[in-house]
Each structure stands twice: as C-alpha cells, then as structure tokens.
Amino acid sequence: MTMEGQKRKQLNLRRKTSVLLIWFLFVIAYFSGLKSNNFFEEPSGKQAKEVNYPRTLLKPSSCKINEKVSDFLVNDIGIGWEDQNGAPDWMREICPDVIEHFDRFPYFSEIPVFDGFSRPLPIQTTNYAAQSVCTMKIVKSIAASVQARLYLHASSHLGAIVHGQPIPWDDDVKLWMDNKKKNEFLGICDLFGNDVPILASPEIVRLHCEDGRNALKVWLQVEGIKKDAKDMHSPFVDLLLFRIESNKIVELSTNGKRKQNGVAFNVTEFFPTQPFYFGGEYFMGPRLTLAERVYKFEDCVM
C-alpha cells in the first residue's frame, strides 16, 4: 500500500471513530436527560396535571358531527402520501424536516367525493399540506434575507395551536409581514420566476409571487403540474401585510390601505410573540392570550 493510501485509511478510521464517539456521547446525554425529567415514570398526582392540554383546548365541544362523513373518512379513505413511494423527490430535497413531520402525522392520500355531496370534501391531502408548509419555509427564508419578520396569521395561527400543522379543511396558509418590507420581498422573488428555478434537479421547481390584492400570493410551481385558475398553482401562501399605527397592528391590502373589514390588534396584546411548531418548521406568532380571545376553540367546522 502506498503512503497516500495508508494516510487515507487512517483518516477514514479516525472519522468512523469520531462518529461512533459522538453517537455514544449523544446516547448517554439523551437517556440521562430522559431520566432526569422523569420520562420513564408514570405521571401521577401533581405530575399528571402538568402534562394536561392547555385550557384553551379543554372547553366542551359544540361540534355537530356528521357520523356518515366521519365513518367514510375513517374507514374508506387512506392516509399518507399520494404515491406509495412517499413524498415527491423535489420536496425531499428542499424541505426534509417537513417530510419527516408528515411521514409521522399524515393527512389523507386523496381528496374524496362522498355520496350526496356535489363537490369533493374540503380536506387537505398530505401532499397539499406538506407543500404548503414547504412554501412557507421558502417565504421565511426570503423574509429573513431582507430582515423582515413573519408571523402566523388567522387560520394558520389557529392550526399551529390545535393541530401543529395546517387545518385539515383549510385551503391555504397565512403569514403576516410588515408592509414596509413588501417591495424588498418582491425584489427577491423577481430574481427567480421562469428564468431561475429554485431547484433544477431532480425536478424543476420555480418560485412565484404575485399581487393578489388582499395578499401577496406565493407558490411553488413544479414542472408538469397543471395550473389552477389565473395561471396560479395551489397551494398558496397568503402573505398578508400589516402596519403599526396608534398602538395597533392593523391589516392592510397590498396597496397599503387599511382593509375595510381587516383585523386590528392592540400591540400590547399581540407582542411579545412566541414560536409555534408548524408541520416540521417553527414560525413566530401572537400570544396564546390573543388566540383565546379571537378563536372559539370549542367550535369546529367540516
């Protein structure tokens, strides 16, 4: 064996030894942490109260359940990805954390049509929900590049609290951004589009941003996927805009004017914000006290 071959062999051996050592230390730290936090003990007495759901989710439900539809969804519709091989390759390349989440917590594998309904049931597939969150991740990266802060808004804020991912029967996801950053954000979007895809292999994926009047519409266009109306591809991220005025954070149209029926929150109620887990990613959002006032956690719509 040449001198160079011996050095390469020694280097590989050192790498393997380092990896094994790191994993060994990780296992020790992991199980030490579990034991120190009583993960191996059955909760009882005072400990049991500490692992209960937040009070916002303990209110008696007012839902009127259609048992036929519920039985149909539970018994007749599969869950998981549309393809038996799992998530699309392009999504694995861009959003592995999102894929890992929906591998564990999937939605339906298809949009079903229930007898007696003229339209497909308004539920999300796993692919649709995962692509929504993947697009949110891209939006968050662009916003960070122009020093813009994003916040979960409306149904996505509620989805983060109740589901930890998009609401199953919602058709989009919503984020909120300061209107001052709109032009900078769109400037980054314009760097992509038809000419410069954000991913060229294994599939061509393009980023698009358009002014939808009520919000900036952001979506990922995968080559070969059929377009929806107005030359847009769902799912969208609705990137809504806000401005802070008179100690209130108010919702704006994309022209910078306050929406006639837009929401407005007291700054002291909205801030400080907190992180929320959402489909494998983390996004900032307003405090739970605001959510308890705005949303009716005991209600559900299907």
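**Note on the pocket, cores and cavity of a predicted model**

1. The largest pocket has a lining of 29 residues, and those nearest its centre are E82, T125, Y128, S234 and P235. The volume of the largest pocket is about 660 Å³. By residue class, its lining comprises 15 nonpolar, seven polar and seven charged residues.

2. Mean pLDDT for the protein is 81, with 74% of the residues scoring at least 70. Residues 13-49 stay under 50 in pLDDT, and for this stretch the model has eight contacts beyond four places in sequence. Where pLDDT is low, predicted coordinates should not be read in detail.

3. On the overall fold, the protein has ten helices and nine strands. Of its 302 residues, 39% count as buried. Taking contacts between residues at least 6 apart in sequence, 58% join residues at least 24 apart.

4. The largest nonpolar core contains 49 residues, and W90, M136, V139, L175, F185 and L239 have the most contacts inside it. Helix 6 supplies the largest share of this core, nine residues. In soluble globular proteins, nonpolar side chains tend to be buried together.

5. What does F185 touch, leaving out residues up to four places away in sequence? Its partners are V139, I142, A143, V146, M177, C209, L216, V218 and L239. Of these partners, V139 and L239 are, like F185, among the residues with the most contacts inside the largest core.

6. Another core lies apart from the largest one; it has nine residues, including L240, I249, F265 and L290. Two of these residues, F265 and L290, also line the largest cavity.

7. How many cavities of 30 Å³ or more does the structure hold? There is one. The largest cavity has a volume of about 40 Å³. Its lining is made up of L152, H153, A154, H157, F265, F270, P286, L290 and Y295. Seven of the lining residues are nonpolar and two are polar, with no charged residue. The lining of the largest pocket, by contrast, includes seven charged residues.

Technical notes:
Residues numbered from 1 in each chain as written. Predicted model: local features only at pLDDT ≥ 70, side-chain atom pairs only at ≥ 80, totals over all residues. Heavy atoms only, no water. pLDDT = per-residue confidence, 0-100. Contact = heavy atoms within 4.5 Å. 1 Å grid on protein atoms, 1.4 Å probe; cavity = no way out; pocket = protein on both sides within 12 Å on 5 of 7 lines; lining within 4 Å. Points joined across faces, edges and corners; volume = space filled by probe spheres on them. Nonpolar A, V, L, I, M, F, W, Y, C, P; charged D, E, K, R; others polar. Core = buried A, V, L, I, M, F, W, Y, C linked by side-chain atoms within 4.5 Å. Buried < 20%, exposed > 50% of the residue type's maximum accessible area, 1.4 Å probe, protein only. Helix = DSSP H or I, 4+ residues; strand = E, 2+ residues; numbered from the N terminus.
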